[in-house]
Amino acid sequence: MEEIEVPKYFMCPISLQIMRDPVTTITGITYDRESIEKWLSTTLVITSSSSNDTITCPVTKLPLPRDSDLTPNHTLRRLIQAWCTINACNGVDRIPTPTPLLDKRQVLKLLRELVGANNNKFILTLKKIVALAEQNERNRRLMVEGGVNKAMALFLIRCFKEGNNVVGIEEALRILRLVWTPNDEVKAFVNENSDFVDSLAWILSCSSEKDMRFEVISVLKMAIEVANSSRMERLRLEMFMNITKKVLGDRSVSHQTIKSALHVLIEACPWGRNRMKIIDSGAVFELIELELTKPERHTTEMIINLLAHLCSCADGRAKLLQHACGIAMVSKKILRVSEATDDRAIHILSLIAKFSATNEVIIEMLRVGAVTKLCMVMQADCAPYLKEKATSILRLHSKVWNDSPCIAVYLLSRHPRY
């Protein structure tokens, strides 16, 4: 097919793609609406210290307030649509006419429609909000300004308090996931309303559908990210048990759901009480079982990292040692995933060798190849501190491990005083 030359003025100066909804700024430059709105929202983060929230036009470098009017360029849009129609035979897709823009009044109207609506009307309105939120960043920003975040969160709390698994929960979660913005208002809501996190844990316990679990874990992850120390210290055992049972223990859920759940658990680990609750939930066993399914690399990094946190407790190490594949699984990951995983896996073996080293455990480390893997670390091209860690572990039980060919042939030749 012959290459088509696109008129230069049809192209957005930001995306360098054909404009689908051309709008003109107060600086006189026309951009595609989605591109300039993204520019206005994301660039603002960098320049938010400015007293008047003014950034610069990408082309002219002239001041451009964040709330600048974006005037639809209907003439240019029609020219672009006509050009696309003429060149349709050459594979050019026609650009549809943009739908009417959402405004804050419409957002508030949609929220009002939810009040007192019957089930069918309630679901239809929620689905309409979902569709609008999925369209573009501008709609999501308007929803945040209109209070959609808080409305959905209060709806979930009401369902939790009433104990009703009512219709609309999945849609409300999806809306929250789409429009969630970690601003001061959201942070205050999460930290001042213990019922919110508890409601998410309750929804997870009731959920049987994979899509529902993805939504609730995604929202829980975002809530945990803005929770303060006081809120994190009061996380309930039930939440961790639901995460372990409904996500870690279910092989049918998506990889993204699992990663979000792991993120929640890792974020909770700095608090000792949370570590004990995670251990009591049975997570150690499920983490090992999950790793045995050979998940993707980043998931493995998160699993080993989480296990390293949990093995700082005696109960955590005991749970790992109770699993027939515990030591073997951790050892196998060394030198196979990443330096960060090497560090955490060797740390686990160090904790076991120092604080949980019964005769059976020491022999198990030799039998499953942990000792051999530590010797390989000393030979590998890895960070010096990892070699030192491996050496210190090997020195701890050298009398038992001296019969290992790895120890006798390699380690003794490198360290005559060993």
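The model is predicted, so local features need pLDDT of at least 70 and side-chain atom pairs count only at pLDDT 80 or more, while totals for chains, interfaces and linings use all residues. Residues are numbered from 1 along each chain as its sequence is written, and side-chain values use heavy atoms, with hydrogens and water left out.

**Helix pair**
- Helices here are DSSP runs (H or I, at least four residues), and strands are E runs of at least two, numbered from the N terminus.
- Helix α6 (residues 148-162) packs with helix α7 (residues 169-179) at about 145°, and their axes are 9 Å apart.
- Those axes are lines fitted to C-alpha atoms over the stretch in contact, with angles from 0 to 180 degrees between N-to-C directions.
- Residues making the contact (heavy atoms within 4.5 Å) include Met152 and Phe155 of α6 and Leu173 and Leu176 of α7.
- Sorted by class, this contact has twelve nonpolar residues, one polar and no charged ones.
- Ala, Val, Leu, Ile, Met, Phe, Trp, Tyr, Cys and Pro count as nonpolar, Asp, Glu, Lys and Arg as charged, and the others, Gly among them, as polar.

**Sheet**
- Three strands form an open sheet in the order β2-β1-β5, with antiparallel pairing.
- Thr24 has Thr71 in β5 as its bridge partner.
- At the edges sit β2 (30-32) and β5 (71-72), each pairing on one side only.

**Pocket lining**
- Among the residues supplied by helices, α1 (33-46) and α5 (137-145) each give at least two to the lining of the second largest pocket.
- α1 gives the most, with three residues.

Definitions and conventions:
Pairing = 2+ DSSP bridges.
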